[in-house]
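Subject: A structure to look through

Dear colleague,

I am passing on the structure we talked about, together with some notes on what was found in it. Please keep it open while you read, and look up each residue as it is named.

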Amino acid sequence: MNFISDILFWISTGLLVPVIVLLILLFLRSLLLVGSFFGQYLNIRKNGRTLRTRLEGLTPETVRDLESILPKGSNSLSVRYLNEILAHKDSPAHIRRLLADFETDADKDLSSSKTLTKLGPMLGLMGTLIPMGPALVGLSTGDISSMAYNMQVAFATTVVGLFSSAVGFMTQQVKNRWYMQDMTNLEFVAELLGAGEGK
């Protein structure tokens, strides 16, 4: 039984370095995500209100003129798909496919946030529990410095894991709302194009 326990202890101890490396990568990824999220936010603040106002005034007769008033040079996913939909305005099948493609691309953009939300707490908990074994061994042998070091590692990994998870959760919630609004706008334009075709 001691042999099996030793094997489990060696395995868990051997996982500490990979877990710490992954947590550092997650932390860096969360910083990059904050930067890209801020860029998206500025883009939406700059163009979102104008686009919403223009969409509200659209009718089946004027929807085809939307292409000329869309923001130029925008890297927004919704603007790109609006241009694609307007380019295929005479093909309902293409429009349906573009709406499905938008959902796929939006989900792909959300995947980083989802990964951080799920992996952050898992790796943080692993990074907390793995050093606890050596810390308890250090406590039992009176090696306080070893115990203090291992506890420091345990707390640090918890904080980094929770930080990454918090960034992922916050960005996922906000981006979900943005993409739901974008999907509503795209479907609205698609329906207007269909109504215009019927006349």
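Asn150 lies in helix H7, where a helix is a DSSP run of H or I with at least four residues, numbered from the N terminus. This is a predicted model, in which local features need pLDDT of at least 70 and side-chain atom pairs count only at pLDDT 80 or more, while totals for chains, interfaces and linings use all residues. Residues are numbered from 1 along each chain as its sequence is written, and side-chain values use heavy atoms, with hydrogens and water left out.

Is Asn150 buried or exposed? Asn150 has a relative accessible area of 9%, so it is buried, a word that here means under 20% relative accessible area with a 1.4 Å probe and protein chains only. Not counting residues up to four places away in sequence, Asn150 touches Pro131, Pro134 and Ala135, where contact means heavy atoms within 4.5 Å. Ser113, which is found in helix H5, is also buried, with a relative accessible area of 0%. If its neighbours within four places in sequence are left aside, Ser113 is in contact with Leu33, Gly168, Thr171 and Gln172.

**How the helices pack**

The axes of helix H4 (residues 77-87) and helix H5 (residues 92-129) come within 10 Å and cross at roughly 165 degrees; axes are lines fitted to C-alpha atoms, for helices over the stretch in contact, and angles run from 0 to 180 degrees between N-to-C directions. H4 and H5 are therefore roughly antiparallel to each other, since angles over 145 degrees count as roughly antiparallel and those under 35 as roughly parallel.

The crossing of H2 and H5 is left-handed. Its contact includes Leu23 and Leu33 of H2, and Ser113 and Leu123 of H5.

Helix H1 (residues 2-14) packs against H2 at an angle of about 25 degrees, with their axes 4 Å apart, and H1 and H2 are therefore roughly parallel to each other. Ser12, Thr13 and Gly14 in H1 meet Leu16, Val17 and Pro18 in H2.

**The nonpolar cores**

Which residues of the largest nonpolar core touch the most other members? Of its 25 residues, they are Leu66, Ile85 and Val189, a nonpolar core being a set of buried Ala, Val, Leu, Ile, Met, Phe, Trp, Tyr and Cys residues joined through side-chain atoms within 4.5 Å. Helix H2 (16-56), H4, H5 and helix H7 (144-198) each supply at least two residues of this core, and the largest share, 7 residues, comes from H7. Apart from this core lies another, of 10 residues, among them Leu23, Leu33, Leu123 and Val167.

With best wishes

Key. Angles under 35 degrees count as roughly parallel, over 145 as roughly antiparallel, 65 to 115 as roughly perpendicular and the rest as oblique. Buried means under 20% relative accessible area, exposed over 50%, partly exposed in between (1.4 Å probe, protein chains only). A crossing is left-handed if the near helix is turned anticlockwise from the far one by less than a right angle, and right-handed if clockwise.
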